[in-house]
Amino acid sequence: MLDHALNDSLSRVGQGTPMGETMRRYWLPALLSTEIPEPDCPPVRVALMGESLLAFRDTNGLVGLVQEACPHRRASLYFGRNEECGIRCVYHGWKFDVDGNCVDQMNEPRQFNDQVKITAYPTLDMGGVIWAYLGPPDKKPAPPEFELTKAPETHRYMTKVWQECNWLQAMEGGIDTSHAPILHRKLTDDTDEPGISPNSPFLQGAAPDVEVETTDYGYRYFGIRPIGEDQTFVRGYQYVMPFTQLRPSRYGKEVVDGHFWVPMDDYNVMVYNFGYSWGADPLPENESALKDSGNNLDEDVDPANGFRSIRNRDNNYMLDRDVQKTQTFTGIHGINAQDRAIQESMGSIVDRTLEFLGPSDIAIVAARKLLEQAMDTVKDDGEPLGVAPTYYHVRAAEGMYSKGEAWRESLLSRMHP
Ligand code: FES
Ligand SMILES: [Fe+2]
């Protein structure tokens with residue numbers, strides 16, 4: 001249980017807030033690379049960390065991430081023209097390059113553009129994501145080279161969906177392993193609905209013991225589920241500060257799935273869903289094969305509507321009570337939609353002063369502790385965990401072990417190759 005003050009400071013991410021300043025010390029996913037696919041393509045609005053930004057790819061292919069409001073009289077640059085190495089406001093024709101320099105003022109007979117500069121953040125285009133750094137320039141970390149960013153396009157996927165609640169409760173839902181075979185359970189294999197099969201070890205295992213081991217980038221943790229008398233099914237996950245989770249993929253031993261939970265503002269989070277094969281085999285081209293495997297593709301998002309899902313709070317996520325009776329635990333179609341429904345139902349910022357936590361929640365408690373420590377570290381001008389590039393090669397892995405077998409060594413060697 002947290003007090004109100006800590007709940008608030010863990011959740012809120014605006015400029016000048018403790019978590020806002022802490023999270024601005026990391027590279028943040030700002031948008032998908034495919035949203036601005038080519039030079040001079042249409043610009044894209046980006047809501048990130050409570051800031052209203054605009055992303056564009058200029059004539060030379062360079063990515064700009066700038067304030068959305070034109071500094072002249074605050075018109076939105078979204079309506080601007082992306083032309084000849086800059087974004088030009090259509091109101092009076094002021095034009096800005098990817099570094100935020102004003103390079104032209106069409107309405108002024110005597111230009112004073114050298115006195116005008118807009119906010120522009122450094123970006124990286126890696127792994128299907130445009131990353132941005134919103135923090136102090138002298139503290140900019142090494143690029144976020146997760147193993148994912150090294151996978152060829154044939155070996156990875158990257159999608160995103162807008163979720164209408166605070167980033168932290170969404171992330172806590174992702175970290176929480178004990179809910180998965182409950183919320184995402186299929187009642188039968190005789191259904192086309194996605195979900196976790198009754199025959200999966202995930203579902204056949206008993207409720208898990210959860211073990212957490214702190215590292216220099218966050219922690220790794222294990223969900224340990226006894227199956228019958230003789231077997232143990234162990235899933236090993238990674239939490240990389242401040243909002244990344246890696247999880248074993250149901251698709252195969254050489255595939256890792258994961259999420260980034262990136263705050264849009266205090267009440268909205270963009271959830272990035274990714275997976276990659278680190279082995280020789282590419283991912284299947286057929287997306288349904290990945291979905292069947294339990295991966296986290298989100299088929300119902302509408303890019304034209306800011307990547308909001310068609311299954312959302314306005315329609316109760318299209319809950320079907322007949323499906324709930326006979327096919328899946330929730331009656332909601334899709335694993336991600338099930339997660340969103342539940343996490344959004346807790347309120348925009350869940351009131352953690354009213355919780356009743358148990359041992360299965362220890363990974364969530366551990367994340368809160370690390371985030372609290374990170375806020376203190378940043379306040380004291382130190383470097384929080386997960387900024388230094390010690391997480392580049394970490395993976396997630398799972399395994400079935402017979403009773404008494406040393407699962408930890410075996411899993412660790414696969415999680416830290
Ligand atoms: S408001 Fe943009 S140029 Fe005037
Ligand atoms: Fe879930």
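Predicted model: local features only at pLDDT ≥ 70, side-chain atom pairs only at ≥ 80, totals over all residues.

**Exercise 1.** Classify the aromatic pair formed by Tyr78 and Phe79, and state how accessible Tyr78 is.

*Solution.* Step one: the count of aromatic pairs comes to 15. One of them joins Tyr78 and Phe79, with 5.4 Å from centre to centre and 80° between the planes. Step two: an angle over 60 degrees counts as edge-to-face, and the pair is accordingly edge-to-face. Step three: Tyr78 has a relative accessibility of 31% and counts as partly exposed.

**Exercise 2.** Classify the pair of Tyr221 and Tyr237, and identify the strands in which the two residues lie.

*Solution.* Step two: Tyr221 belongs to strand 13 (residues 218–227) and Tyr237 to strand 14 (residues 231–240), so the pair ties together parts 16 residues apart in sequence. Step three: Tyr221 and Tyr237 are both buried.

**Exercise 3.** Which residues do ring pairs link into a cluster, and over which ring does each of Arg185 and Arg395 lie?

*Solution.* Step one: the cluster consists of Trp131, Phe146, Phe260, Tyr272, Phe274, Tyr391 and Tyr392. Step two: Arg185 lies over the face of Phe329, 5.5 Å from the ring centre. Step three: Arg395 lies over the face of Trp278, at 3.8 Å from the ring centre.

Terms used: Residues numbered from 1 in each chain as written. Chains lettered and ligands numbered in written order. Heavy atoms only, no water. Phe/Tyr/Trp six-rings, centres within 6.5 Å; stacked < 30°, edge-to-face > 60°. Buried < 20%, exposed > 50% of the residue type's maximum accessible area, 1.4 Å probe, protein only. Helix = DSSP H or I, 4+ residues; strand = E, 2+ residues; numbered from the N terminus. Lys NZ or Arg CZ within 6 Å of the ring centre and 35° of its normal.
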